[in-house]
Amino acid sequence: MEQRVSLVTLGVADLGRAAAFYTDLGWEKVETPDGIVVFDLIGQSIGLYPLENLAEDMGVPVERLGTGGATLAHNVRSREEVDGLVEAAKSAGAEILRAPSEVFWGGYIAYFADPDGHIWEIAHNPLSPLAEDGAFRWEGFGKS
């Protein structure tokens, strides 16, 4: 298995509501068959799929597919971007779990939950600057 993630699929209760949430944050959908919504990212994609269908695909009861045990992280270039994105998420219907604030390791983070409870971390990490195209590496880009 190569060390990468190609697609993250989020099980959602209401496909239209979930798609509207992410488009309200400025994401653009790509062409897909009915019943799934996909947003291409840098190097991978995020898919939205009805929770019942996802459980059926896996062969497990829908109750087994809870949310909240993992986070999706979105790193940005500045503290101001964290603040702006959290405000945009709140306006789009997110529940703010942690307001933007400093953390012990020198960064600035916030957490919100989308309408289906998927938890996002928004972070500015000065120790891991982003590439020009927004790509992330744990130790940043441009280091020798």
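Axes are lines fitted to C-alpha atoms, for helices over the stretch in contact, and angles between them run from 0 to 180 degrees between N-to-C directions. The legends below describe a predicted model.

**View 1. Helix H3 lies across the strands of the sheet.** Helix H3, residues 79–92, lies across S5, S6, strand S7 (108–113) and S8. The helix runs at about 10° to S7.

**View 2. Four strands form an open sheet with mixed pairing.** The strand order is S5-S8-S7-S6. Strand S5 (71–76) and strand S6 (95–102) are the edge strands, each pairing on one side only. From one strand to the next, the twist averages 15°.

**View 3. Strands S5 and S8 run parallel.** The two strands are joined by 6 bridges. Across this pairing, Leu72 stands opposite Trp120 in S8, and His74 stands opposite Ile122 in S8. Both of these S8 residues, Trp120 and Ile122, are buried on one side of the strand, together with His124.

**View 4. Strands S7 and S8 run antiparallel and form a hairpin.** Here too the strands are joined by 6 bridges. Ala113 stands opposite Ile119 in S8. The hairpin has 5 residues between its strands, and Gly117 takes a positive phi near 90° in this hairpin.

**View 5. Strand S8 is covered on both faces.** Of the 6 residues in S8, 6 are buried, and the strand is accordingly described as mostly covered. In a regular strand the side chains alternate between the two faces of the sheet. In S8, one side carries Ile119, Glu121 and Ala123, and the other carries Trp120, Ile122 and His124.

**View 6. Ser128 is buried in the segment after strand S8.** Strand S8 spans 119–124, and Ser128 is found in the segment that follows. Ser128 counts as buried because its relative accessibility is 3%, where the cut-off for a buried residue is under 20%. Leaving aside neighbours within four places in sequence, Ser128 is in contact with Phe136, Arg137, Trp138, Glu139 and Gly140.

Conventions
Residues numbered from 1 in each chain as written. Predicted model: local features only at pLDDT ≥ 70, side-chain atom pairs only at ≥ 80, totals over all residues. Heavy atoms only, no water. Buried < 20%, exposed > 50% of the residue type's maximum accessible area, 1.4 Å probe, protein only. Contact = heavy atoms within 4.5 Å. Pairing = 2+ DSSP bridges.
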